[in-house]
Amino acid sequence: MDYFRTYTEIDLGAIRRNAEAIKAYTRKRLIAVVKADAYGHSVVPVTEALRSVADIFAVATIEEGVALRQAGIRKPILVLFSSFPEQAEQIAEHELTPTIGDWEFADRLNDIASKTVRVHVNINTGMNRSGVCWTEAEQFLNRLKTLPRLDVEGFFTHLSTADETDKRFVFVQLDRFSSVLEKISDGSELIHAANSAAALAIPEAYFDAVRPGLSLYGVYPASEKPIKLEPALTWKTRIGWMGFISEGEGVSYGLTYKAPRETRVAMVQVGYGDGYPRALSGVGEVLIDGARRPIIGRVCMDVSVVRLEPTDNVSVGDEVVLIGRQGVSEITVDELAHRAGTISYEILTQIGKRVKQV
């Protein structure tokens, strides 16, 4: 391996096995969500690893879909969010499957299409961030049927509380969705609603396909863990400097940490410019030589400082684990997110571009 300052190791086999496990557990078609660079796991290698498992790939933006087409991915690619009318040409050119959530985009897509375009309609059942309101869906679809070059291949909704302990609103949404489907579906469309949390815990949300994202990468979205998932990402950096500071001396910007006694410290080569949260200042931990060592002082843009024990047998250049396992010790992405006051999704997708993906 080349010498990298900070890098993530991505286990593509684990991602494939997670996808297979979810598909076997739900017994439904698999729409693999690979938006945001496959949740920070490197989208092109991930989609290639999932070719034989995923039935459809799902992205958030037109640009993400085009990039997959340019990388040679030929399977259907669903764009989960509504697009602008000006993007209709790109969708048709690259044979993407767009989401229809408003009339202006649908009308424009029909006008420019030289052949039939397969589309999915997003039914807003309570997430209230996009889509056709469930109370207006029947009228909207009747109007959509007047556009001859659009083929409604699927209907979907997005569940807003599937990862919460209280799932009562999930069933409100599913009731709304089902009542709409009774009016607008002829039974030939692909129906999907289950994100990762619902795929693992709510069989009523399965319909024809499940749409997992986070769970593909081995992270559980909620407390339910009915199947074994393998974390696919390990984040590592290296020791860049070591030294001693005297009693009463401070560390890093603002000198927020003061040494209670002579203290051995190490600078590790990762900071918030790499996506390592500044919120971990003074509360984060890393693994060095198989043991947990605390972040002291403020996380900087490029580096952070940790406190070593006098007996630690380490050297400049040694491996430091930020997420993952080292020896018998492990720091999970969920733990890191909890310490930073955020969620695992944000930790993974905010890992910076200068962090090499291996």
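The structure is a predicted model. Its secondary structure comes to 11 helices and 20 strands. Taken along the principal axes, the C-alpha atoms fill a box of roughly 75 × 40 × 35 Å. The chain has 358 residues, and 53% of them count as buried. Among the contacts with a sequence separation of 6 or more, 63% come from residues 24 or more positions apart.

Helix 7, spanning residues 137–144, packs with helix 8, spanning residues 168–184, at an angle of about 35 degrees. The axes of these two helices are 9 Å apart, and the crossing is right-handed. On the helix 7 side, the meeting residues are Ala137, Glu138 and Leu141, while helix 8 brings Val180, Lys183 and Ile184. By type, the residues of this contact divide into 4 nonpolar and 2 charged, with no polar ones. Elsewhere, Arg143 lies over the face of Trp103, at 3.9 Å from the ring centre.

The aromatic side chains come next. A search of the whole structure finds 5 aromatic pairs. In one of them, the rings of Phe4 and Tyr7 have centres 6.0 Å apart and planes at 55 degrees, so the pair is tilted. Because Tyr39 lies in helix 2 (residues 35–40) and Tyr345 in helix 11 (residues 344–349), the pair ties together parts that are 306 residues apart in sequence. Tyr39 counts as buried, at 7% relative accessibility, whereas Tyr345 is partly exposed, with a relative accessible area of 28%. These two tyrosines also belong to a cluster, in which ring pairs link Tyr39, Tyr217 and Tyr345.

Leaving aside residues up to four places away in sequence, Ala36 touches Glu64 and Thr349. Ala36 also sits 9.3 Å from Gln350, C-alpha to C-alpha, although 314 residues separate the two in sequence. Ala38 is found in helix 2 too, and its relative accessible area of 0% falls under the 20% cut-off, so Ala38 is buried. The backbone of Ala38 is worth a glance, since its phi is near 55 degrees, a positive value in a residue other than glycine.

Phe207 has its place in the loop between helix 9 (196–201) and strand 10 (209–210). Its phi is near 50 degrees, again a positive value in a residue other than glycine. At 22% relative accessibility, Phe207 counts as partly exposed. Pro260 lies in the loop between strand 13 (257–258) and strand 14 (263–268). With a relative accessible area of 46%, Pro260 is partly exposed. The C-alpha atoms of Pro260 and Glu247 are 5.4 Å apart in space, and the two residues are 13 residues apart in sequence.

Note on methods
Residues are numbered from 1 along each chain as its sequence is written. This is a predicted model: local features need pLDDT of at least 70, side-chain atom pairs count only at pLDDT 80 or more; totals for chains, interfaces and linings use all residues. Side-chain values use heavy atoms; hydrogens and water are left out. Axes are lines fitted to C-alpha atoms, for helices over the stretch in contact, and angles run from 0 to 180 degrees between N-to-C directions. Helices (H or I, at least four residues) and strands (E, at least two) are DSSP runs, numbered from the N terminus. A crossing is left-handed if the near helix is turned anticlockwise from the far one by less than a right angle, and right-handed if clockwise. Contact means heavy atoms within 4.5 Å. Ala, Val, Leu, Ile, Met, Phe, Trp, Tyr, Cys and Pro count as nonpolar, Asp, Glu, Lys and Arg as charged, and the others, Gly among them, as polar. Rings of Phe, Tyr and Trp (its six-membered ring) pair if their centres lie within 6.5 Å; planes under 30 degrees apart count as stacked, over 60 as edge-to-face and the rest as tilted. Buried means under 20% relative accessible area, exposed over 50%, partly exposed in between (1.4 Å probe, protein chains only). A charge sits over a ring if NZ of Lys or CZ of Arg is within 6 Å of the ring centre and within 35 degrees of the ring normal.
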